[in-house]
Every structure is written in C-alpha cells, then in structure tokens.
Amino acid sequence: MKRRNFIKNASLTGVGITVGTAIMGCKDKNNTEEMGTTKETKGEKSTSIDMAKYPIAICTWGFVKANAKAGEELSKDKSALDSVISGVAIEEENLKNTTVGKGGTPDREGNVTLDACVMNPEGDCGAVLCVENITNVAALAKKVMEETPHVMLAGQGAEDFAYSQGFKKENLLTESSKKAWEEWKKESKYKPIINIENHDTIGMLAIDKKGDIAGACTTSGLGYKMRGRVGDSPIIGSGLFIDNKIGGAVATGMGEEVVKTVGSFLIVELMRNGMSPQAACEEAISRIVTKSDRYKNFQIAYIAMNKAGEVGSYCIHKGFTYMKYQNEANENIASGYYNKEEKS
Ligand code: SD4
C-alpha cells in the first residue's frame with residue numbers, strides 16, 4: 001500500500017502558534033537552530049500549529065463509529081480526554097468486538113479481564129489492569145487518575161474501586177465468546193492468527209478545539225492469555241503516551257514486544273527530536289523487527305499524531321488500518337507496513 005502523504009511543511013495559515021514539533025528550550029541534534037521557532041529537521045520544516053485543523057481524532061483499526069463519536073464530541077467542544085473516552089466506550093460496549101470490553105475474548109480459564117489507560121494534556125495518567133466485571137475501563141482509568149493518589153489499580157482492587165465510583169457489575173463473557181472459548185479448549189492446535197483475532201485493541205488520540213491532546217487505550221488483551229497476563233495497553237509509555245507539547249502515540253498488537261521497546265514513549269521522544277509522526281512510527285517498528293526474525297509471527301501497529309495535526313502510522317504486517325476524523329470527515333486509512341515479502 002502506498003503510504004499516505006503527510007504534510008511535511010506545516011501550514012502557517014490560520015491561527016498559527018509556533019511550537020516546534022519537538023521542542024521548546026532544547027537543541028535538536030540534527031539542527032543547530034534553537035527550538036521553539038521555525039526549524040528544519042530531516043527535510044521537514046516548521047511545526048506551526050494551525051488551529052483550523054482542529055479538532056482531530058485518530059484511532060487504531062476501522063472503528064468507524066468509535067472515531068465518529070469522538071469527532072462528534074470534539075465538535076461539541078468537549079475536551080480531548082472526554083471525547084476519546086466516549087469514543088472508545090462504543091467499542092467497550094460493542095458485544096461483537098471480541099477484543100475490547102464486554103464480549104472480549106477471555107483468558108484460558110474463561111475469565112474476561114480488561115486493561116485500559118488514559119492520559120490527559122497535563123501529563124496525568126490513570127490505568128487499570130486485569131479488571132473483571134466492568135465494561136467501561138477507560139472511564140475507570142480516568143477515575144483512577146482523578147480520584148485516587150495513584151496511577152494504576154489492578155484486579156480486585158480496581159474492581160472494588162469501580163463499584164465505589166458507581167460503575168455497575170456486568171458479566172463480560174457473552175454466550176458467543178463463551179462458546180468460542182469452549183471450542184478453543186477442545187482445539188489443541190490453536191494458534192493465534194495475525195491481525196484477526198488478537199489485535200484489535202482500540203487506542204485513540206484526539207486534539208480538541210483548544211489544541212490540547214489526550215488519549216485512551218482499552219483492550220481485553222490477547223485471547224486465551226494466561227490468567228493475570230497484562231500486555232502493553234494499560235502501561236503508560238508502551239500502549240499510550242501523550243505529551244501536550246509534542247503529540248501522542250498508541251499501540252496495538254503483541255503487547256509483550258511493545259513493552260520491551262516502550263513503543264509509544266519512544267515515538268513521542270522521536271517526534272520531540274524532530275521526526276514526523278510517520279518517521280517515528282517507522283523507527284519504533286524498526287527497533288522491533290531488527291532484533292530477530294520473530295516478528296514474522298506477530299503483528300504490532302502504531303499510530304501517532306503531533307501537535308501540528310500531522311499523523312503517521314506503521315505496522316509489521318499488511319492489513320492494519322486506522323481512522324482519522326478531521327473537518328467532519330471520518331476516513332479509514334491503510335497503514336504502511338514493514339514486511340513487504342508477505343503475500344496479502
Ligand atoms: C495486548 N496490545 O494486550 C494488546 C493486544 C491487542 O487486541 O492489541 N489486542 O497485548
């Protein structure tokens with residue numbers, strides 16, 4: 001697939017607030033110019049924020065309704081954080097989605113356990129890990145961020161906290177996911193299938209009308225995982241990272257490998273040092289695929305957005321798409337991918 005053309009020279013029209021893709025108060029190693037004004041890095045110029053580009057929401061995979069919901073909320077002047085939480089809630093509540101929220105694929109013992117995190121423009125974050133019986137775990141992660149002195153709550157503690165905050169107890173194992181699990185138990189030759197059953201976590205980033213960025217990531221994790229297994233999705237810096245001066249990134253795919261390279265933080269730091277979101281996503285994938293050939297057996301995809309409203313995405317294997325909402329249009333875009341040898 002052809003990579004999308006990303007805006008290389010950020011527009012200087014509209015209400016331009018110059019921040020530097022990377023920025024403020026440091027020197028770029030590729031460029032001796034002081035940051036914070038127009039700069040040139042690896043052939044890319046400038047990073048003026050064009051407020052006319054906002055709001056923007058992007059999310060992993062073809063979650064049309066979820067991204068549209070976030071876009072709708074942003075258009076009504078909702079904050080980036082509240083908009084992404086409303087957006088991902090659509091998938092948390094979608095019983096047909098077997099990788100997020102209610103209806104998610106259980107662990108080997110038949111327990112649906114969910115992971116989620118959120119991060120706001122102030123750099124605060126909240127996460128819940130391995131939570132049972134609660135559907136809207138991204139909203140719960142926000143409560144952890146806002147109502148506790150902590151960043152992460154896990155397991156029963158997170159569930160108890162949810163009830164104290166008015167969340168209701170729900171059985172997350174639907175009839176069809178229970179049936180699929182029972183079939184799985186009989187099938188000794190089971191192998192996860194790249195891109196289909198294990199990799200549909202929803203990670204979402206949004207910039208609101210004020211120009212502030214926030215993100216959320218929510219998942220039921222790998223299907224038929226070991227009890228207690230937690231992936232990258234609720235780990236700040238791995239599944240999600242936001243820096244309101246720079247931008248944000250989220251991951252989907254084999255969480256163990258994302259955690260080993262702290263993927264989302266890496267992407268934001270690469271953008272801080274002058275890379276475009278696209279180049280940063282490609283570099284983050286490169287850190288994984290150059291380690292060994294094992295990448296052939298798993299998928300990882302990243303999406304990223306900088307404060308100039310430029311977006312990027314890259315993954316290991318063909319097949320990953322992401323949504324972008326901007327100017328009231330909600331597009332599904334095919335991501336670039338590393339493994340060109342693969343037949344579709
Ligand atoms: C995880 N990153 O738990 C998640 C997997 C995923 O849909 O993307 N699942 O490792």
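Biologist: What makes β6 and strand β10 a pair in this predicted model?

Modeller: Two strands pair if there are at least two bridges between them. β6 and β10 (residues 213-219) have five bridges, in the antiparallel sense. Therefore they count as a pair.

Biologist: Which residue in β10 is the bridge partner of D115?

Modeller: T219 is the partner of D115.

Biologist: How do you know that β6 also pairs with strand β7?

Modeller: By the bridges again. β6 and β7 (residues 125-131) share five bridges, and the sense is antiparallel. The cut-off is at least two, so the two strands pair. L114 stands opposite V131 in β7.

Biologist: What lies between β6 and β7 in their hairpin?

Modeller: Five residues separate the two strands. G123, in the turn, has a positive phi of about 90°.

Biologist: Why is β6 called mostly covered?

Modeller: Buried means under 20% relative accessible area. Six of the six residues in β6 (residues 114-119) are buried. L114, A116 and V118 point one way, while D115, C117 and M119 point the other way. Both sets are buried. In a regular strand the side chains alternate between the two faces of the sheet.

Biologist: How do you know that β15 and β16 pair?

Modeller: Six bridges join β15 (residues 321-326) to β16 (residues 329-334), and the strands run antiparallel. At least two bridges are needed, so β15 and β16 pair. Q326 stands opposite A329 in β16. These strands form a hairpin with two residues between them. N327 in that turn has a positive phi of about 50°.

Biologist: What makes β11 and β17 the edges of their sheet?

Modeller: The sheet is open, with five strands in the order β11-β12-β13-β14-β17 and mixed pairing. β11 (240-243) and β17 (336-337) each have a single partner strand, so one side of each has no neighbour in the sheet.

Biologist: How many bridges join β14 to β17?

Modeller: Two bridges join β14 (residues 311-315) to β17, and these strands run parallel. The cut-off is at least two, so β14 and β17 count as a pair. C315 has Y337 in β17 as its bridge partner.

Biologist: How do you know that the span of α5 is close to the expected one?

Modeller: Set the two values side by side. Helix α5 (residues 175-186) has twelve residues and reaches 17 Å from its first C-alpha to its last. At 1.5 Å a residue, 16 Å is expected.

Biologist: Why are the buried residues of α5 said to line one face?

Modeller: S177, W181 and W184 are the buried residues in α5. Seen down the helix axis, the buried residues fall within an arc of 55°, so they line one face. An α-helix has 3.6 residues a turn, so residues three or four places apart point the same way.

Biologist: Which residues of α5 are exposed on the other side?

Modeller: E175, S176, K179 and K186 are exposed there. Exposed means over 50% relative accessible area.

Biologist: Why is R287 called partly exposed?

Modeller: R287 has a relative accessible area of 36%. Buried is under 20% and exposed is over 50%, so R287 falls in between. R287 lies in helix α8 (residues 277-289). R287 and T261 are 26 residues apart in sequence and 7.2 Å apart in space, C-alpha to C-alpha.

Biologist: Is Y224 buried or exposed?

Modeller: Y224 has a relative accessible area of 10%. The cut-off is under 20%, so Y224 is buried. Y224 lies in the loop between β10 and β11. Its phi is near 60°, a positive value in a residue other than glycine.

Biologist: What is the phi of N133?

Modeller: N133 has a phi near 70°, which is positive, and N133 is a residue other than glycine. N133 lies in the loop between β7 and α3 (137-147). Most residues other than glycine have a negative phi.

Biologist: What makes the peptide bond from Y54 to P55 cis?

Modeller: Omega is near 0° for this bond. P55 lies in the loop between β4 (48-50) and β5 (56-60).

Biologist: How many cavities of 30 Å³ or more does the search find?

Modeller: Three, across the whole structure. The largest cavity holds about 80 Å³ of space. Its lining has 14 residues, and T201, G221, D232, S233 and G253 are the closest to its centre. By class, the lining has two nonpolar, nine polar and three charged residues.

Terms used
Residues numbered from 1 in each chain as written. Heavy atoms only, no water. 1 Å grid on protein atoms, 1.4 Å probe; cavity = no way out; pocket = protein on both sides within 12 Å on 5 of 7 lines; lining within 4 Å. Points joined across faces, edges and corners; volume = space filled by probe spheres on them. Nonpolar A, V, L, I, M, F, W, Y, C, P; charged D, E, K, R; others polar. Helix = DSSP H or I, 4+ residues; strand = E, 2+ residues; numbered from the N terminus. Expected span 1.5 Å × (residues − 1). Buried < 20%, exposed > 50% of the residue type's maximum accessible area, 1.4 Å probe, protein only. Arc of directions from axis to C-beta.
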